[in-house]
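This report covers the overall build of the structure shown below.

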Amino acid sequence: MTATALRHEALFYDDVDVVAEEIAAIAAAELADDAAVLLCTPPVITETVRTLVGDGDARFVTMDVADRYGRPIDAMGLLWRTTTNLLRDGAPRVHSIGEIAFTGGVADAAWMWYEAAVSRVLRDLPLVAVCLYDTTSSPEVLAMAHETHAVTPCGSVSPLFPSTHDDGNCGYHAPVLAFPARHPAARLDALTSAAEARAVLAAVAADAGDVPAEVLDRAHLVVTELTANALLHGGGSASLAVWTDGGFITVRVDDRGPGIADAFATLRPPGHIDHGRGLWLTHHTASALSVGPRPGGGTRAVAVVD
Amino acid sequence: MVTQVEEAPTAGAGTAHQCLAYEGKGGFDEAAAEYLAAGEARGERTVLIRRDVAWAQYGRDGNFDPCEPLAAYEHAVRDARADGYEGVCVVADVSLFVATQSQRRTFARYEHLVDRFIRRGGGLAGLCAFDATVVGEDGLAHLDALHPHHPPGHAPFHIHAADHPVDLVASGELDLAGRATLVEVLDALAPDASTDELAIDAAAVHFVDHRSLVMIEEFAEHHGLTVLLRHTTDLVRRMIDLLDLRRVRAEVRA
């Protein structure tokens, strides 16, 4: 098998043992073909595959589900970094197999956005990204899987309905982060430099008195990158609002530019693009981030650092 | 009016390279006299080079060779020491060398070369004086950035030469506001062809954004070397990692 660009597949299963054996067969074939395999599945599947495939090949990488799937940005970072490192080490392609733990809670929307993003932002990598879906998952999750992946049944399982996969956005967006519904500790409506934003942040943190230095350092980076984006792409000025509460900081940076067209901008890795690295960095550095339309026009970025 | 007057050097020749931005002849004369008096007190031969003399000697109608005055200073230090002086203390009004951006780029290279000579014990103390009305605020920021920081400065950051074990010392804040200055400064810092790693003491750098790190990465790539940021923060190390920079390394301060 060859892969020169991304294949993003969903593999539906209803029997853990059957899917584990199928994954083991895939992994063995890929390793025999010098490709690398990245496995991030529930322990019961990982252990079965490891037993069947063996543990000695450096191109066979296993990852703990909790480590990989903490936040969408962490999952994207680990997938992109591990893949690019394995490719640098000589693998012709990487076959990644993982399973996101959808819970039925509010976090599911972010993971659906992540799945839609994988098809778009990693499309140039020689990567086969297989996502496992237990057929007992919620109808919403299964429908999303059909929309964002090419679908492969496992064993006796048939696709529940035809794939509508088109590599596109599919309408999935990052959840919008709320900012506190009270007056900010500081607000500045005509920022012209990132240094001004950092000075405001430092003053607010000093007043609050309980913001750890490490949190303030990260908040300085976050507000700098968001302000720089607003100044460069958002019409030359920005407005900033800052809240503190219990040692953490929330910032909101608005601009009145043309808005941000890329729904996956904050999940887009660096390396093959000349811009956008600031949002990638900001997303990793903040505890939570959303970037989207501002009511009335422009772009609104909200970030929490704790 | 003098907009920036440095402290007179007190540590002797070999440690002083300073920048003066002045407005009006009186400001220049006053600062020059103070600087030269300090040099004389240290036992150095003092030299005052006014702008027309400097331009006539090295300007060559704009074809300035940065190595030429450097060689002259090396020669002057040797002569001074042979005559019993501790070294040479010079004040030079170099405003006419930096009237255009192109001239400024060439002169910035000279600034770095002479800075390196001074820092490595060359026996020279130098005050570079710029007429603010000729150079302009952007130009002052670029030139100020190549000198050690003395508030109130014109540049948001400073990078200057240093003794072993680092090649350069940086201070201040690197972000969007200093991007154009960083381009010119990096251009001036081009290392010797034999250098495979450039070590920068970043202990006094209070902030770095991702654009500045990417520019340093591109500088390193262009010159086929790696840049080691010594005494930097764990956040900078993490930024380098997240941005997948291959030619910038971080050594985190304790």
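## Overall build of the two chains

Chain A has nine helices and 11 strands. Its radius of gyration is 21 Å, close to the 19 Å that the globule rule gives for 306 residues, so chain A is as compact as a globular protein of that length. The model is predicted. The C-alpha trace of chain A spans about 60 × 40 × 35 Å along its principal axes.

In chain B the secondary structure comes to eight helices and nine strands. The radius of gyration of chain B is 18 Å, close to the 18 Å given by the globule rule for 254 residues, so this chain too is as compact as a globular protein of its length. Along the principal axes, the C-alpha atoms of chain B fill a box of roughly 55 × 35 × 30 Å.

Burial and contacts come next. Of the 306 residues in chain A, 52% are buried, and in chain B 55% of the 254 residues count as buried. Among contacts in chain A between residues at least 6 apart in sequence, 71% join residues at least 24 apart. For chain B, residues 24 or more positions apart account for 69% of the contacts with a separation of 6 or more.

How values were computed
Residues numbered from 1 in each chain as written. Chains lettered and ligands numbered in written order. Predicted model: local features only at pLDDT ≥ 70, side-chain atom pairs only at ≥ 80, totals over all residues. Heavy atoms only, no water. Helix = DSSP H or I, 4+ residues; strand = E, 2+ residues; numbered from the N terminus. Rg over C-alpha atoms; globule rule 2.2 N^0.38 Å. Buried < 20%, exposed > 50% of the residue type's maximum accessible area, 1.4 Å probe, protein only. Contact = heavy atoms within 4.5 Å.
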